[in-house]
Amino acid sequence: MGAAMDLTFHESEPGDLAMAVDAVYRMWFFKDYGERVGRMFSEAYAGMHYRNADLRLTAVLDGEPEGVCFVRTVPGETDTSDFDEFSGEEGFDSAMDDMRILHRADEGLKREFGVRADAEVLLLIVGSRSRGRGIGRRLLDEAVSRLSEKGCGSFMLFTDDDCDYGFYDKIGMRRRGMVVVDFHGFPLKRIIYTQEIPKKN
């Protein structure tokens, strides 16, 4: 925890995406597609969320980016053009089918549980060497502070049991609903969380 005390934040730049791409590849199921497709998909996934966010934060420790938080406060259709570059690549289109499964599950969760929020955290991830040091919590707290300045009263996020979703329970977010989807023959829990944002005085 001590190292996290030296953390600084800046608005994310395209150069920060390399850390996010590597973290996504190493920590989530994307590596199951094999290195070539997994890294392409991780690049497109991180790029998509960077492009669709209007609040982009990078946590910096000792001069190196160690985590990112991308948040969207403006509703609208998701720009998926980052995936176009790899469309048709062997194995890539089946990975896209998997993303559509998750997207349908997320939309179903919002409808079934009547979830609405002023903002959505699209991507919150910390590099593997810095996990467990409080960086994710500090990064999310910084994002919430900036959302409050924008006048947002709540935010939501989607996650699943392929990552440490207990983190969100631990920091007091409200688990609003869960659905189990068939993902390559395995049951994957997809979960939606919300949190109210305190108003700034």
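Residues are numbered from 1 along each chain as its sequence is written, and side-chain values use heavy atoms, with hydrogens and water left out. As the model is predicted, local features need pLDDT of at least 70 and side-chain atom pairs count only at pLDDT 80 or more, while totals for chains, interfaces and linings use all residues.

We can begin with the sheet. Seen across its order, 1-2-3-4-5-7-6, the sheet is open, has 7 strands and shows mixed pairing. Strands (E, at least two residues) and helices (H or I, at least four) are DSSP runs, numbered from the N terminus, and two strands pair if DSSP finds at least two bridges between them. The edges are formed by strand 1 (8-11) and strand 6 (174-183), each of which pairs on one side only. On average, neighbouring strands of this sheet are turned by 25° against each other, direction ignored; axes here are lines fitted to C-alpha atoms, for helices over the stretch in contact, and angles run from 0 to 180 degrees between N-to-C directions.

Strand 4 (residues 119-126) and strand 5 (residues 154-160) pair in the parallel sense over 3 bridges, with V121 opposite L157 in strand 5. Strand 6 and strand 7, by contrast, run antiparallel and are joined by 9 bridges, and here V179 stands opposite R190 in strand 7. Their hairpin has 2 residues between the strands, and H184 takes a positive phi near 55° in it.

Helix 3 (residues 92-113) packs on the sheet, where it touches strand 5, strand 6 and strand 7 (186-196); contact means heavy atoms within 4.5 Å. The direction of helix 3 makes about 145° with that of strand 6.

Next comes the helix pair. Helix 1 (residues 17-27) and helix 2 (residues 35-52) have axes that come within 8 Å and cross at roughly 125°. Helix 1 is therefore oblique to helix 2, given that angles under 35 degrees count as roughly parallel, over 145 as roughly antiparallel, 65 to 115 as roughly perpendicular and the rest as oblique. Residues in this contact include L17, V21 and Y25 of helix 1 and G38, S42 and Y45 of helix 2.

Helix 1 is largely enclosed by the rest of the structure, because 8 of its 11 residues are buried (under 20% relative accessible area, 1.4 Å probe, protein chains only). Among them are M19, A23 and M27. The buried residues of helix 1 pack against helix 2, strand 3 (64-72) and strand 4.

Terms used:
Buried < 20%, exposed > 50% of the residue type's maximum accessible area, 1.4 Å probe, protein only.
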